[in-house]
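Please look over the structure below before reading on. The briefing that comes after it is meant for someone meeting this chain for the first time.

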Amino acid sequence: MKTEVLIQIGAPASASASDGRTRDRVAQLLLERGAATAADLGAELGLSPAAIRKHLDAMLSEHLVETREVRHQGPRGRGRPAKAFVLTAAARETFPHFYDGIAMAALRWIAQRHGPDAVSEFAAAQVAALEERCEAAMREAGDDPIARAEALAEVLTAEGYAANASTIASGGQLCQHHCPVAHVAAEFPQLCDAETAVISRLIGTHVQRLATIAHGDEVCTTHIPGPARSAATTAATTVRTDT
């Protein structure tokens with residue numbers, strides 16, 4: 001009889017723990033992908049559509065996720081449009097952040113006493129150690145910028161940035177789905193500028209930041225021009241400099 005009672009008491013706790021682990025995995029996937037449909041999440045996690053919707057409904061009610069309509073390239077089929085789920089700002093706060101309020105206060109003090117250039121110097125010094133660690137891990141990546149971006153994405157993921165690199169028509173794209181300094185960078189964009197400069201040096205070519213989490217975007221996106229695009233950009237820059 002005691003055994004039956006223990007089982008009945010223990011079962012809900014076990015189920016609750018399992019639900020918590022599944023929700024953590026859902027949140028991690030959304031962090032890494034930026035946005036995903038319930039079907040995508042279910043396929044990745046090996047869950048039925050009903051099971052994944054249960055977790056997403058709970059996260060919606062707690063304002064941890066929100067929905068976006070999926071954009072279709074071709075004509076839309078019948079039925080309701082698919083919805084993609086993205087993490088809210090509140091959900092992002094549950095992931096590790098390495099700068100707290102005292103860092104913000106310190107940067108404000110530097111800016112007030114020594115000006116914005118001093119903040120830029122501080123930001124460059126902060127990312128110097130990250131650059132060294134990335135250089136050591138990328139020594140076998142070769143000279144191709146896209147290959148180097150893929151290697152860099154692996155290192156940044158290990159550093160907590162949940163990064164991935166992909167090839168696109170105009171070259172490549174490096175995406176960082178988590179920013180440990182997003183709140184600080186929202187007030188001090190010098191941190192983003194310093195990080196972009198590091199990415200450019202590590203990849204070995206000019207890059208362009210298209211979006212940042214600090215400015216309210218879902219993902220920090222860095223464009224890596226392909227060889228032809230890089231040559232055209234260089235030529236255009238030369239013409240502007242000469243004129």
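The model is a predicted one, and the values given here are computed from it. Two residues, arginine 209 in strand E6 and valine 207 in the loop between helix H9 and E6, are taken up along with the packing of helix H2 against helix H3 and of helix H5 against helix H6.

**Arginine 209**

- Arginine 209 belongs to strand E6, which spans residues 208-211.
- The relative accessible area of arginine 209 is 17%, and because buried means under 20%, this residue is classed as buried.
- The side chain of arginine 209 makes a polar contact of 3.1 Å with the side chain of glutamine 176, and another polar contact, of 2.8 Å, links it to the side chain of threonine 222.
- When neighbours within four places in sequence are set aside, the residues in contact with arginine 209 are Gln176, Cys192, Glu195, Thr196, Ile199, Thr221 and Thr222.

**Valine 207**

- Valine 207 sits in the loop that runs between helix H9 (190-203) and strand E6.
- With a relative accessibility of 7%, valine 207 falls under the 20% limit and therefore counts as buried.
- Between valine 207 and threonine 196 there are 7.6 Å in space, C-alpha to C-alpha, while in sequence the two are 11 residues apart.
- Apart from neighbours within four places in sequence, valine 207 is in contact with Thr196, Ile199, Ser200, Thr222, His223, Ile224 and Pro225.

**Helices H2 and H3**

- Helix H2 (residues 38-45) packs with helix H3 (residues 49-61) at an angle of about 120 degrees, and their axes are 9 Å apart.
- The crossing that H2 makes with H3 is right-handed.
- On the H2 side the contact is made by Ala38, Leu41, Gly42 and Leu45, and on the H3 side by Ile52, Arg53 and Leu56.
- Sorted by class, the residues of this contact of H2 with H3 comprise five nonpolar, one polar and one charged.

**Helices H5 and H6**

- Helix H5 (residues 101-114) and helix H6 (residues 116-137) have axes 7 Å apart and pack at an angle of about 140 degrees.
- Leu107, Ile110, Ala111 and His114 of H5 make the contact with Pro116, Ala118, Val119 and Phe122 of H6.
- The contact of H5 with H6 has seven nonpolar residues, one polar residue and no charged residues.

How values were computed
Residues numbered from 1 in each chain as written. Predicted model: local features only at pLDDT ≥ 70, side-chain atom pairs only at ≥ 80, totals over all residues. Heavy atoms only, no water. Helix = DSSP H or I, 4+ residues; strand = E, 2+ residues; numbered from the N terminus. Buried < 20%, exposed > 50% of the residue type's maximum accessible area, 1.4 Å probe, protein only. Polar contact = N/O pair within 3.5 Å; in protein donor to acceptor, adjacent residues only side chain to side chain. Contact = heavy atoms within 4.5 Å. Axes fitted to C-alpha atoms, helices over the stretch in contact; angles between N-to-C directions. Left-handed = near helix turned anticlockwise from the far one by under 90°. Nonpolar A, V, L, I, M, F, W, Y, C, P; charged D, E, K, R; others polar.
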